[in-house]
Amino acid sequence: MFDNILIYFVVIPVIMLAGVALCQNIKQIRAVAVVGSIALTALSVYLLADYLALRAAGDTAPMLYQGSWSWFTPLNINLAVGVDGISIAMLLLSSIILLTGSFASWTIQQPKEFFLWLILLSTGVFGFFISIDLFTMFMFYEVALIPMYLLIGVWGSGNKNYSAMKLTLMLMGGSAFLMLGLIGIYYHSAPEGQPLTWNLLEISANNAISHGWQLFLFPMTFVGFGVLGAMFPFHTWSPDGHASAPTAVSMLHAGVLMKLGGYGCFRVAIYLMPQAANELAWIFLVLTGISVVYGAFSACVQTDLKYINAYSSVSHCGLVLFAILMLNTTAMTGAIMQMLSHGLMTALFFALIGMIYGRTHTRDIRLMGGLMRIMPYLAVCYVIAGMASLGLPGLSGFVAEMTIFVGSFQHADMFHRVFTIIACCSIVITAVYILRVVGKLLFGPVQDKHHLELTDATWWERLSTATLIVCVAAIGCFPNFFASLIKFTFSPEIFTVLGMN
């Protein structure tokens, strides 16, 4: 087992859990969190380099680094792992946000318990992205969700108990739909007389899920994952959860956890049931199109910085699902790039909001102003994050959204083009709330004379934000690298079934 590199994405967090549990003081806890996060980031970078080398050498297998170890033989449940370009991109995103979130949580209260739950959450995230067995994927999915209740309920702010309970109940409701869908897939995973399997690749190769069962199971799995992706009308848990969560949890929550939804919709619902996806996509296109516009409009009327970014996340994550449902390579490539872009820029937003709140003790933009001359470093970082969000060329948001819109407009029918135009309008709405906040927060008159005494970013805050900004700029300046990373994921067979290209 331990000769497979992917296993270490679970082993390292488990070692981190043990290390934090044994720590005696806050310095040791910080050291374990940072060293472990650096190890995961280094492992992700090495995996990326080795993956690209294997692809360049001619390896065209759908999943690389595959391994499978029996777990529960009667139901053919295995710890099966494997990755492609999308998985590696998500692993790299997760490790970077965990690292920067560790620095953003430098002064957290009760650090041992906090980091134990935070690392457990990240264990579920890493396990989810490397799994190709549906049962173990669902198990890691639940491991990633459960710690959110305590992280928000104990270390959150505001109406944290309500937010934690609402988030947990809605995501557990989505998990119920998902579990039923996965069980249905399992019992139709192989032709009659052959052993049933949970393995994604085997289920896809068997092509045994009938058209009728696809139409029944596809909505269950898409809704199950879509709830986590903040799909309308199941999005209401997200703004409350973001607003009450501590900084690092908001970063992981919006930056990584919500990506499990989009990743699962593609990897399970569309990959395994392409015929149903082709027939039912229009229904979910309507819902995700509403998410894109509704989230942007809602952000315009908020005064709390976290709620503004939370509704912005509803809009951007809706765009991910919207692009996936376009069912062509260009739009889906844009969806993956949008997952990376949104993960980084929303983590940057929440990190900055936490840093500003830690100084001003308010997130209400009506009570703040003139921060550009009070804390110029944090203010400039906020401007960069805002420009990435509204799609400024040279940053990640531009290449991701342009790829999505170009791919979406490839459909010649009126229905797809009308909804593409509606989704494009979200760019204008995004500009409204981003420029409103930047103008009021950074360049408006100082509202509280005590704010003149505030300090700028510390070294660990600068390191956290600078890392995220470099990554946002890297995607914006070198989009071909990331597009080539994920292009092997979209196999011709899938789009032959879908009738797309």
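1. Helices here are DSSP runs (H or I, at least four residues), numbered from the N terminus. One of them is α13, residues 274-300, and E279 is found in it. Before going on, a word on the model: it is predicted, local features need pLDDT of at least 70, side-chain atom pairs count only at pLDDT 80 or more, and totals for chains, interfaces and linings use all residues. Numbering starts from 1 along each chain as its sequence is written, and side-chain values use heavy atoms, with hydrogens and water left out.

2. Stay with E279 for a moment. Its relative accessibility is 40%, so E279 counts as partly exposed (buried is under 20% relative accessible area, exposed over 50%, partly exposed in between, with a 1.4 Å probe and protein chains only). E279 and R417 sit 138 residues apart along the chain, and 17 Å separates their C-alpha atoms.

3. Now have a look at F135, in helix α5 (residues 134-145). F135 counts as partly exposed because its relative accessibility is 33%.

4. Where is there empty space? Rolling a probe the size of a water molecule over the atoms shows where it is left. The largest pocket holds about 610 Å³ of space. Of its 27 lining residues, the closest to the centre are T107, I108, T247, G354 and G358. (A pocket is an open set of points on a 1 Å grid over the protein atoms alone, where a 1.4 Å probe fits, with protein on both sides within 12 Å along at least five of seven lines; lining residues have an atom within 4 Å of a point.)

5. Which helix gives the most to that lining? It's α15, with seven residues.

Note on methods
Helices (H or I, at least four residues) and strands (E, at least two) are DSSP runs, numbered from the N terminus. Grid points are joined across faces, edges and corners, and a volume is the space filled by probe spheres set on the points.
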